[in-house]
Amino acid sequence: MIVLGIETSCDETAASVVQSKNNKIKILSNILYSQFKEHKDYGGVVPEIAFREHVKLIDKIILKALVRAKKKFKDLDAIAATGGPGLHGGLLIGTTIGKSLSLSINKPFIPINHLEGHILSPIIEYDLKFPYLTLLVTGGHTMMIIAHKVGKYEILGMTLDDALGEAFDKVAKLLNIGFPGGPQIEKLALKGTPSIELAKPLINSNDCNFSFSGLKTSVLRILDSKKNKSKKFKSNMCSSFQHTILSIIKKKSELGLKIFKKKFPNKKKNFVIVGGVASNNFLRKNLEEFANINNFDLFVPMKSLCTDNAAMIALVALKKFNKKNKNNFTFQPLPNWHI
Ligand code: KG4
Ligand code: ZN
């Protein structure tokens, strides 16, 4: 089975050809254009600009994905595109081109939930068995989930305000260090020490819910009270921010694992972290140590599969494909599609 995946839900224009053979998943191509240059002057994603860039690029990206995979349209068994959640304009581009292509080759069009793509993304690299605990940390979502099987996800908790990636982006904007915020904070933190005490909202709430807006506000308060914002001070702030995030994640993960263990006393404690924030080296390294100490298996996808990509979209389609798949020609984008 060979599927073309299309991802246009935010500011990445992406296409990927993925093959499933004898139950093994192989990425034949994974092409992506990240629009950060187009959005950086605004300190965030501008929906209209993202929409125009997708229009400009999507056909070229799809062709490149096919050429790189050495496949033709007629070799595809299905076409999948992100149907939501995300920005309506981008979703419209991806699903419209996906539906049209699928009609032209008379193969099914499969709309995919973007969050499900992130949740299943570790399956591409790892021989990971269900059920597993998932921490999903992206620019728009932060959730603790038990993945029971393909299509069955139990939400244990989520953010009550900002998503974790959003907190990285907002704090980077406050510090005026560039966009997207995550990689900039990570870079600057390398030169700093965690010397600044920051708020840890909901850390003792004894559930798997998160809150990051209070953390961002505590950064803002300190910045407001500081006249000279030297490079050193900014590095220390980035380092302190990352350490604060780490302690929140550790605490919530402990709780998540406890719930998981109670539900599945005889299963291996498999824990995965997915989404753009999971590409952060500081978090990856420290959570690996945390996993070793606490005796659970941690799976974090390679970085190119943490941030938005189309391979994870094709993967979900491969997992959900069945002979009865319809064309879904009337599918409309779902900007708030829940899992
Ligand atoms: O999963 P993703 O690519 O897109 C969404 O589905 O939202 O996540 C994007 C988020 C952004 O907020 C970005 O700042 C964050 O992931 N991010 C990072 C890093 N790279 C990307 N956060 C922390 N450290 C990073 N290295
Ligand atoms: Zn994403």
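Which side chain has an N or O atom 3.3 Å from a nitrogen atom of ligand 1? Hi everyone, the residue is S279.

Before I go on, this is a predicted model, where local features need pLDDT of at least 70, side-chain atom pairs count only at pLDDT 80 or more, and totals for chains, interfaces and linings use all residues. Residues are numbered from 1 along each chain as its sequence is written, chains are lettered from A and ligands numbered from 1 in the order written, and side-chain values use heavy atoms, leaving out hydrogens and water.

Back to polar contacts, meaning pairs of N or O atoms within 3.5 Å. E186 places a polar side-chain atom 2.7 Å from a nitrogen of ligand 1, and H114 has one 3.2 Å from a ligand oxygen. On its own, ligand 1 exposes 550 Å², and the protein buries 89% of that; these areas are Shrake-Rupley values with a 1.4 Å probe.

Now the shell. Ligand 1 is surrounded by 21 residues, each with a heavy atom within 4 Å of it, and the closest include G139 and D308. Helices α4 (114-120), α5 (164-175) and α6 (181-189) each supply at least two shell residues; helices here are DSSP runs (H or I) of at least four residues.

Where does ligand 1 lie relative to the domains? Domain 1 (2-120 + 306-320) and domain 2 (128-300) both contribute to the shell, so the ligand lies between them. Those bounds come from an automatic or database assignment.

How values were computed: Polar contact = N/O pair within 3.5 Å; in protein donor to acceptor, adjacent residues only side chain to side chain.
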